Amino acid sequence: MENFQDYIESGILELYALGELSAAEQADVEAHAATHPELREELAQIQAALGFYAEAHAVAPPAGMRERVLGNVMAQIAPAARPSASLRADVDALTATPVAAAAARPGEATIRPMSAAPVATPASRSNWAVAASVALLLSLGANFLLYSNWKNANAQVVALQNEKSSFATTSQVVEKKLGNLRQENQVLRDDEFRAVALAGTKVAPSAKARVFYNVATHKVYVDVRSLPALPAGKQYQLWALDKGKPIDAGVLTAATATGEGLQHMKDIASAQTFAMTVEPTGGSAGPNLSTMTVAGNI
């Protein structure tokens, strides 16, 4: 070997001392060290320096750290994430008292990589391994907490969105009802509307209803007081009689038939009488007089 300095400065001796070389590369370094005292001495100094550094930086863990770390990690990480025996082994390694390695003796003929020598490699690499294990465990714990918090926050967001949607729907319903009440109030307070009382017939003597008719605007509203319940497929239909001729004024909704507020019916240009019959759902072109339930004159 012509240039020892370049070989030393390449860093291969440090990698050898740390046990980071392949078997072939280790054999190459050992062959050079066996035939060149300068390389052997440099390698011994590197091993000794690493051993002293590991010993000087070995720190005993504080009292009670083992139980605290083990308890916190086991409580935060799901049992299925990692076997408890492996986790306890990592914590035991963390809390075990580091053993300082002895430096290589000057003049020692045998050159071995730090991975096999009892000088500095076990302590330094063990410290790095333990630190990495603890960092991994703490990272897993933190990630688990973040994931749990994210799930909780996401569930809260969904609940708020559902609550907001429900509130919006309720608001629309309330607003619609308020609008209907305002309209009914206007009809009831408008002097131009004539209230026509519809009394029960022989078909339903106790039936009662009212029609509000505006002669000027031709608007018609119906207000049910009491009507018999209808079977499926049947619906009440309002008729206006103009000079004896029946005019369709529209069918009543199920809500109106039970007395839930006023219903705006079809406009009627002229009428002297209003009556209500029972017809098939959707209404008929002409009234079924045998089912006339209520009737009244203007």
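Me: What stands opposite Arg210 in β3?

Reply: Arg210 stands opposite Asp223. The model is predicted: local features need pLDDT of at least 70, side-chain atom pairs count only at pLDDT 80 or more, and totals for chains, interfaces and linings use all residues. Residues are numbered from 1 along each chain as its sequence is written, and side-chain values use heavy atoms, with hydrogens and water left out.

Me: What makes β2 and β3 paired strands?

Reply: Strands are DSSP runs of E with at least two residues, helices are runs of H or I with at least four, and both are numbered from the N terminus. Two strands pair if DSSP finds at least two bridges between them. Six bridges join β2 (residues 208–214) to β3 (residues 220–226), so these strands meet the definition of a pair. They run antiparallel.

Me: Why are β5 and β6 said to stand at the edges of the sheet?

Reply: The open sheet has eight strands in the order β5-β4-β7-β8-β1-β2-β3-β6, with antiparallel pairing. β5 (245–251) and β6 (263–264) each have a single partner strand, so one side of each is left without a neighbour in the sheet.

Me: Why is Thr277 called buried?

Reply: Buried means under 20% relative accessible area, exposed over 50%, and partly exposed in between, with a 1.4 Å probe and protein chains only. Thr277 has 1% relative accessibility and therefore counts as buried. Thr277 lies in strand β7 (residues 273–280).

Me: Why does Asn214 count as buried, and which residues does Asn214 contact?

Reply: Asn214, in strand β2, has 2% relative accessibility and so counts as buried. Leaving aside neighbours within four places in sequence, Asn214 is in contact (heavy atoms within 4.5 Å) with Asp190, Glu192, Phe193 and Lys219.

Me: How do you know that the buried residues of α3 are on the same side?

Reply: The buried residues of α3 are Gln26, Val29 and Ala33. They cover an arc of only 65 degrees around the axis, which puts them on the same side of α3; the arc is that of the directions from the helix axis to the C-beta atoms. On the other side, Ala23, Ala24, Ala34 and Thr35 are exposed.
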